[in-house]
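Biologist: I'm new to this one, so could you walk me through how some of its helices sit together?
Modeller: Gladly; here it is.

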Amino acid sequence: MNIHDTLSGDTLPLRDGPVRIYLCGVTVYDDTHIGHARTIVVFDVLRRFLAESGRSVTLIQNFTDIDDKIIDRAAAEGADPLQLAERYIARYHEDFDRLHVKRADAYPRATAYMGHIISITASLIESGHAYVVDSGVYYSVESFPRYGRLSGKDTGEMMTGVRIEPQEDKLSPLDFALWKRAQKGPLWDSPWGPGRPGWHIECSAMSLSCLGEDFEIHGGGRDLIFPHHENEIAQSEGHTGGRQARVWMHTGMVTISGQKMSKSLGNIKSTRALLDRWGPNVLRLFCLSGHYSKPIDYSAELLAESLTLWRRLEACRYTLEQAAGGEGGGAAREWAERFDAAMAADLNTHEAIVAMTEMAKSVGEMAAGGRLGTGEAAAILSELDRMMGIMGLRVARPPPGAAIDGRVAERRQMRLAGRYAEADAVREELRGDSVELLDYSGRTIWVCREQIPGEDAPDQA
RNA sequence: GGUGAGGUGGCAGAACGGUUAUGCGUGAGCCUGCAGAGCUUAUUCAAGAGGGUUCGACUCCCUUCCUCACCUCCA
């Protein structure tokens, strides 16, 4: 598989062997929003695809659980910062379990890596990449000649536009904190006095400690390219002398009417609220509808389109499951190969979804024409399930004991006898269990529909 | 101002130096007891603008305009 690398600007083939992935997760000071969800779903699909292709994958996703934003938020609520972080981590897992995101192999937290953070900081001081002043320890950007390569920035030009904050004692405005001395708030002891780590250092410590050097993929949202990932490279590579990661993979932003979501515009869509409204499958299809590297514009139309698509996939899957008789003609492998080729080409989920929709269309065609044979259906079903598994899509199942087949058979007798009112009553009754009946010529397929509240008022996205 | 991404049909959104992308929406028709699903067909020269290379460009090169993001915290 090939993946685009932000650092080199090239699309690089993945090396053979186990794949180590580090994904920059979230700072847990609030609930996650659809932008976080998009990035996390993309990496979830990436690791599922690789695993499905027979690769051994290790996915590490961090929680930054100590940070000024957490402290500020806690102060505003009169809560303890570490407990607040704990609460949002719990809510994170609730939300993403619901979104069908497979749990990462580990979720390291900054607060659990203080020893590593301190030892890397000490090593950077020793090697001349960092220095100690009154307010803490800073990384010296000029000590790392490659600084700016990831984000395409020139340190000389950065100096001209920089804002000098008052009371700053760092040597250059470009330098950034590795350790912040502090008197209050959650504090950890260090050789430089009590305090807290700076923002970027925890990811250097956790990636090195969980995955080592030169791991395959380091990912996150585009907005992390600068300064977060740029600084991580400076720290990690200044410390080890080697390469931190081989491919830097960045996901595009989710925008609303073309604008990035922001607190000040009040247009943030929380993952939780959207899950309540659209359910996991529609939300995932939405997140995967465009290429991961480009922005997705959040809109009622796009959500409605994802919903329509999901309804078709549901019907397709149940149709395949209940196929019977007939001579089949179709090529399950053809769609599967197209799907795989799209995914292998820099994770082109849009193309992959197209392959799925064309497959669904073809299945509908065969089913309507009575040409869907059991053998063919089974072959297509197994491919569809594989694709849905990679995309993290799951159809709803009817309540146990619904006795659907029996009711469908009874309704068939009613229809044959021309007792349409009774037949329609059965259809209505089953609808109460979210089961919809599709009458093809000669036979009836039942589909268990996922309950999606947003379907009734799609405009209020 | 700097850096990066991008401008494709009513909307969403890919690929590709030459053949209808695809989906959604909309119109008409078919199928159906009804509904759904499905089918047929239409939605005219789709490519921000202007040059260039080429037998041929949406696809390569140049110029220009525009949008968004990052440059302060951000997935």
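Modeller: In α1, the residues Ile-34, Ala-37, Arg-38, Val-41, Asp-44, Val-45 and Arg-48 meet Thr-271, Leu-274, Leu-283, Arg-284, Phe-286 and Cys-287 of α8, where contact means heavy atoms within 4.5 Å. This is a predicted model, in which local features need pLDDT of at least 70 and side-chain atom pairs count only at pLDDT 80 or more, while totals for chains, interfaces and linings use all residues. Residues are numbered from 1 along each chain as its sequence is written, chains are lettered from A and ligands numbered from 1 in the order in which they are written, and side-chain values use heavy atoms, with hydrogens and water left out.

Biologist: At roughly what angle do the axes of α1 and α8 cross?
Modeller: They cross at roughly 40 degrees and come within 11 Å, and α1 and α8 are therefore oblique to each other (angles under 35 degrees count as roughly parallel, over 145 as roughly antiparallel, 65 to 115 as roughly perpendicular and the rest as oblique).

Biologist: Is the crossing of α1 and α8 left-handed or right-handed?
Modeller: The crossing of α1 and α8 is right-handed, a term used if the near helix is turned clockwise from the far one, and left-handed if anticlockwise, by less than a right angle.

Biologist: What about α10 and α12, how do their axes cross?
Modeller: The axes of α10 (residues 332–344) and α12 (residues 374–391) cross at roughly 15 degrees and come within 9 Å, which makes α10 roughly parallel to α12. Their crossing is left-handed, and the residues making the contact include Trp-335 and Phe-339 of α10 and Ile-380 and Met-387 of α12.

Biologist: Switching to α3, how many residues has it?
Modeller: Helix α3 (residues 81–98) has 18 residues, and from its first C-alpha to its last it reaches 26 Å, close to the 26 Å expected (1.5 Å times one less than its number of residues).

Biologist: Which residues of α3 are buried, and what do they pack against?
Modeller: The buried residues (under 20% relative accessible area, with a 1.4 Å probe and protein chains only) are Pro-81, Leu-84, Ala-85, Tyr-88, Ile-89, Tyr-92, His-93, Asp-95 and Phe-96. These buried residues of α3 pack against β3 (19–27), α1 (34–52), β4 (57–64), α2 (68–77) and α8 (271–287).

Biologist: And what is there at the start of α3, and just after α3?
Modeller: At the start of α3, a side-chain oxygen of Asp-80 reaches to within 3.2 Å of the backbone nitrogen of Leu-82, whereas just after α3, His-100 takes a positive phi of about 65 degrees.

Notes
Helix = DSSP H or I, 4+ residues; strand = E, 2+ residues; numbered from the N terminus. Buried < 20%, exposed > 50% of the residue type's maximum accessible area, 1.4 Å probe, protein only. Polar contact = N/O pair within 3.5 Å; in protein donor to acceptor, adjacent residues only side chain to side chain. Axes fitted to C-alpha atoms, helices over the stretch in contact; angles between N-to-C directions.
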